Amino acid sequence: MPSLAESGEGLARFETPRVVNNPVGWGPISIPERFRDIPYQPFSKSDNLGQITDWTGSLLNERTKYRSNYHQQFGSGAHYSYYHEEDDTTFQLVDTTKPQRSLYQRSRARYQNRRNQRPTQRVQDPKTGRMTVTPKYNNTRRNHWNSRNDNKNQVKLKPSVEVCKDWELKVEIEYSQIAKVQLPFPGKDVATLAECGTVEYYNKRFDRITTKAEVPLQPNNRLFHNISTTDDPVIRELVKEAQVFATDSILSTIMTCPRSYYSWDIIIQRIGTKLFFDKRDGSDFHLLTVNETANDLPVAEGSSNSMHKLAVEATYINQTFSQQCLKREQQKSFARPNPFISKDETDELSSVCYRYRKFPLLGPGEHYTVICRTEVDAVTSTSSGEEQLMCIKALNEWDLKGGNSEWRQKLDTQRGDILTTEMKNNKCKLAKWTVSSILAGADLLKFGYVTRSMPRSSGESIGHSILATQQFIPKQFAAQISLDMNNAWGILRVIVDKCMQLKDGKYVLYKEPAKPVLRIYKVPENTFEENEDSADDED
């Protein structure tokens, strides 16, 4: 029987491995199939382990910063780079070019760079003794401009009416709620129900006035009526024709309320399905504001240029100019006479036509009809003989710095700049005039530029001079001052809807000074009756 050693079972076997001779160096001369096409990055054991991968390829600053710490001995190969082998026509690169910036953005960027590069200085803090880095220039100029911008907060504006304790707040509307409401302009659905009064023709000689040939403003004794809505006899005749009644001055104030800064109030009377918007007797509602939306407001009281005195002056200039630029010998009479003439009046009447117009106030809910008493100041004729209705207004310059008039120097050559400044400082007043002229259906809106004339002696009073005139089409001028009539009608619709939800009674629509909010108060029936009786006694 053979032994275990002889049979060979249970013994370990050794097979001689295949040795490849590399005549030019050490290592294999071929790659096994299972390791083929696998990238290989040479490395050194002395290399530090840094970032494993970079998916963006934009960390140039980090690479430069830590290059000494994570520098590889054999370098960084391109073995792991991605190559698009096939042509894909649908592949699009993202546009990484910088977008073109506007001139304002480029100027702002340059200003910011200059601001960052302002020289600094090291100053020792007297309390701690430490050295701190501060700007080399102080903030005197910045504080100066901040004081100018805060002037509105320093001027104390008086409310138009004192809110009593027995007044009950019913509705509060913030300007942000009505800033974007829209209601289409009635357009062709507007009807003129009555035209009353007599107007004179515009004197085109005033279109040739310049600063070198100025015309003094001449006072006149013409009579101007300021009748409220409920006291209008024509509106009483038309009470069955509509649900809402008002005057053009009241509607223009409501429709442009987001532009107002001063305080005002309007009386609202809800009687059944009727709504009457009326002005309060004895109020300053009919006075024109001056620099209401300017950065530097006029002083409240205690000066010849106070808010109230400037309003009285602006109203006087507006009425006087509207009558001086007319031809008294050439008139146009309408179907009905002036409805406010009394037998006891002997003064000369002003040139005015009262147009009672009906507007449909559409909306998502119930439809209403508005009757508004509008005013037209004059009539003019075109070269073809066509007659056009005209509203005449006056802009006045009151702040003569050092006794010099800026309008006299720039009005002939830079009239656009003067008008732009007026659009900024009197944004609310210009919007009211524009809305009133559109409501009246006027074809033209005429502006007169009037400035103060300094007295030659101490005994003389301040006079005024007409420097120029300018003419616009109301709807085009509305677009020029960014007045959206659809938004104006939307605001009126919101106010009417809020009032129609109230019960019968007497209310006050109140605009608080310097606050973007409207409030509707329920007031007792006898409110303001004492003021009305005293006003009647004075008349």
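Buried means under 20% relative accessible area, exposed over 50% and partly exposed in between, with a 1.4 Å probe and protein chains only. This is a predicted model: local features need pLDDT of at least 70, side-chain atom pairs count only at pLDDT 80 or more, and totals for chains, interfaces and linings use all residues. Residues are numbered from 1 along each chain as its sequence is written, and side-chain values use heavy atoms, with hydrogens and water left out.

**View 1. Helix α12 is largely enclosed by the rest of the structure.** Helices (H or I, at least four residues) and strands (E, at least two) are DSSP runs, numbered from the N terminus. Helix α12 covers residues 427–440. Of its 14 residues, 12 are buried. Among them are C428, K429, W433 and I438. The expected span is 1.5 Å times one less than the number of residues. For α12 that gives 20 Å, and the end C-alpha atoms are 20 Å apart, which agrees. G441 follows α12 and has a positive phi, near 75°.

**View 2. W167 and F528 form an edge-to-face pair.** Rings of Phe, Tyr and Trp (its six-membered ring) pair if their centres lie within 6.5 Å; planes under 30 degrees apart count as stacked, over 60 as edge-to-face and the rest as tilted. A search of the whole structure finds 12 aromatic pairs. In this one, the centres are 6.0 Å apart and the planes at 80°. The partners are 361 residues apart: W167 is in the loop between α5 (151–154) and β3 (168–174), F528 in the loop between β17 (517–523) and α15 (529–538). W167 is buried, at 8% relative accessible area. F528 is buried too, at 10%. Ring pairs link W167 and F528 with Y510 and Y521 into a cluster.

**View 3. F359 and W489 form a tilted pair.** Their ring centres are 5.5 Å apart, with the planes at 45°. F359 lies in strand β10 (residues 352–361) and W489 in helix α14 (residues 485–500), so the pair ties together parts that are 130 residues apart in sequence. Both residues are buried.

**View 4. Charged ends sit over the rings of F206 and Y507.** The criterion is NZ of Lys or CZ of Arg within 6 Å of the ring centre and within 35 degrees of the ring normal. The charged end of R205 is 5.0 Å from the ring centre of F206. For K522 over Y507, the distance is 5.7 Å.
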